[in-house]
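This report describes one protein model and the packing around one of its helices. Please read it beside the sequence and the coordinates.

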Amino acid sequence: MNRYLAEFYKNDMKSNSEDLLSAILPLMKLLSLTVIGLFLAHPKTQIIPRATFKLLSKLVFALFLPCLIFTELGESITIDSIARWWFIPVNVLISTFVGCLLGLLVVIICRPPPEYQRFTIVMTAFGNTGNLCLAIVGSVCHTSNSPFGPHCHSRGVAYVSFAQWVAVILVYTLVYHMMEPPLQFYEVLEEGTEIEEQRPVNDISRPLLIEAEWPGIEEKETEHSKTPFIARIFNSISSRSTSTFPDIDINGDTSGSSPMSIRCLAEPRVVRKIRIVAEQTPIQHILQPPTIASLLAIIVGTVPQLKSYVFGYDAPLSFITDSLQIVAGAMVPSVMLILGGMLAEGPNDSKLGLRTTIGIIVARLLVLPLLGIGIVTLASKLDLLVADDAMYRFVLLLQYTTPSAILLGAIASLRSYAVREASALLFWQHLFALFSLSLYVVVYFKLLPAM
């Protein structure tokens, strides 16, 4: 009996050590790439200048990432799989909603400065559901003893890519308007003797985080992108404040008989204001290379005739997809090198406050993943998820685990709101995420067999 128990204990310890090793090794690979990027870009070494990292981020955005999305999502997706994967984009919405509630709780408990309350909610709610998830999936599937079975990488990339269009829509609608400069803070700037200098779009001194995930976003600047546009439309503003903004016609031209005039006469005032805000929402910028690649992959993948020409060993155009797969292989190492370059710049000065910074990090990296485990487990019990697919559940859990999206730093710069605070917070979040991700990936590997 004692011999049997000793053998059982030995096997159990061996199994636990193998599980721990299979969970930690992929993250150690990503950490190594990040450290290499940090060393290459560190100010004391400057082996590779910042301009090179910015060019690399543009290559990731315009070439490596679209190639990866098209080749993996296009080959995996079908009309039937779209019906089965419906919970992936829904999970993005759920994680964002829960994150907003946590952000509101952070605001109540930590009491950040009034001008950063919306910023606190945004940074807690919106995680990196794109590049970082793809890097983790790629690294996990690169191990020889991956627990996710055959076609691990293609399925994982397809699941992550299928969720990206929802995240992009949220960024260019909800996040864009939530990151609007607060009206009172904007007025203080206008009343001061100095106004913050607007950097040129191609200024090489601009922080890497602004272009680390969505290069060229500052070129999307609109007439009202750096002003509290919604506040001016919906709030009563003093005559002095009104004079500091460019005129916006919210009453419509009632002197003529044009169709626009007739519509403005017929529209209620609130509806008219909502329409003006919608017209100023840069929804057209959603069509960027990664989202275009997703759309093409969905179209090609769901049309059997097209799919047979593009994907498959004997497909006439297989040489093209093979070439795209070779290019896509550079995506994961490039993303982690860029992340290392971003961390090498160090944190900026922040007026957010230490208590609020810690509150956001704890809520985003420690509390939200715990809630995510409960939500995904409940969805699995209700048979809302794809049966017997551990990778599907792993991607869902990752959406609750990643730090705030680097893209939020670019949106902050685009709107001239909390740029230094976003830079500092993203630095500390990604630094602590090295530990929180390691912890939760080990937990997920333990829980997935029971889900």
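**Overall composition**

The model is a predicted one. Its protein chain contains 20 helices and 0 strands. Of its 451 residues, 52% count as buried. Among contacts between residues at least 6 apart in sequence, 82% link residues at least 24 apart.

**Helix α18 and its surroundings**

Helix α18 covers residues 390–398. The helix is largely enclosed by the rest of the structure, because 8 of its 9 residues are buried. These buried residues are M391, Y392, R393, F394, V395, L396, L397 and L398. The cover over them includes α3 (79–84), α4, α6, α7, α17 (354–381) and α20 (419–447).

One of the covering helices, α6, spans residues 131–141, and its axis comes within 11 Å of the axis of α18. The two axes cross at roughly 145 degrees, and the crossing is right-handed. On the α6 side the contact is formed by C133, I136, V137, V140 and C141, which meet M391, F394, V395 and L398 of α18. By class, this contact consists of 9 nonpolar residues, with no polar and no charged ones. In soluble globular proteins, nonpolar side chains tend to be buried together.

**The largest nonpolar core**

The largest nonpolar core has 105 residues, and those touching the most other members are W85, F119, M391, Y392 and F394. Helix α7 (residues 152–178) gives the most to this core, namely 12 residues. M391, Y392 and F394 are also among the buried residues of α18. Apart from neighbours within four places in sequence, W85 contacts L73, S76, I77, A158, Y159, F162, V386 and Y392.

**Loop residues**

| Residue | Loop between | Relative accessibility |
|---|---|---|
| E115 | α4 (87–110) and α5 (117–125) | 23% |
| D388 | α17 and α18 | 82% |
| T402 | α18 and α19 (407–414) | 0% |
| A418 | α19 and α20 | 7% |

T402 lies in the loop between α18 and α19 and counts as buried, because its relative accessibility is 0%. The side chain of T402 reaches the backbone oxygen of N128 at 3.0 Å. Not counting residues up to four places away in sequence, T402 touches G127, N128, T129, L132, C133, R364 and L365. C133 also belongs to the set of α6 residues that meet α18.

Two of the tabulated residues have a positive phi without being glycine. For D388 the value is about 55 degrees, and for A418 phi is near 55 degrees. Is each of them buried or exposed? D388, in the loop between α17 and α18, is exposed, because its relative accessibility is 82%. A418, in the loop between α19 and α20, is buried, with a relative accessible area of 7%.

E115 counts as partly exposed at 23% relative accessibility. The C-alpha atoms of E115 and P181 are separated by 8.1 Å, although the two residues are 66 apart along the chain.

Conventions:
Residues are numbered from 1 along each chain as its sequence is written. This is a predicted model: local features need pLDDT of at least 70, side-chain atom pairs count only at pLDDT 80 or more; totals for chains, interfaces and linings use all residues. Side-chain values use heavy atoms; hydrogens and water are left out. Axes are lines fitted to C-alpha atoms, for helices over the stretch in contact, and angles run from 0 to 180 degrees between N-to-C directions. Helices (H or I, at least four residues) and strands (E, at least two) are DSSP runs, numbered from the N terminus. A crossing is left-handed if the near helix is turned anticlockwise from the far one by less than a right angle, and right-handed if clockwise. Contact means heavy atoms within 4.5 Å. Ala, Val, Leu, Ile, Met, Phe, Trp, Tyr, Cys and Pro count as nonpolar, Asp, Glu, Lys and Arg as charged, and the others, Gly among them, as polar. A nonpolar core is a set of buried Ala, Val, Leu, Ile, Met, Phe, Trp, Tyr and Cys residues joined through side-chain atoms within 4.5 Å. Buried means under 20% relative accessible area, exposed over 50%, partly exposed in between (1.4 Å probe, protein chains only). A polar contact is a pair of N or O atoms within 3.5 Å; within protein, one must be able to donate a hydrogen and the other to accept it, and residues adjacent in sequence count only if both atoms are side-chain atoms.
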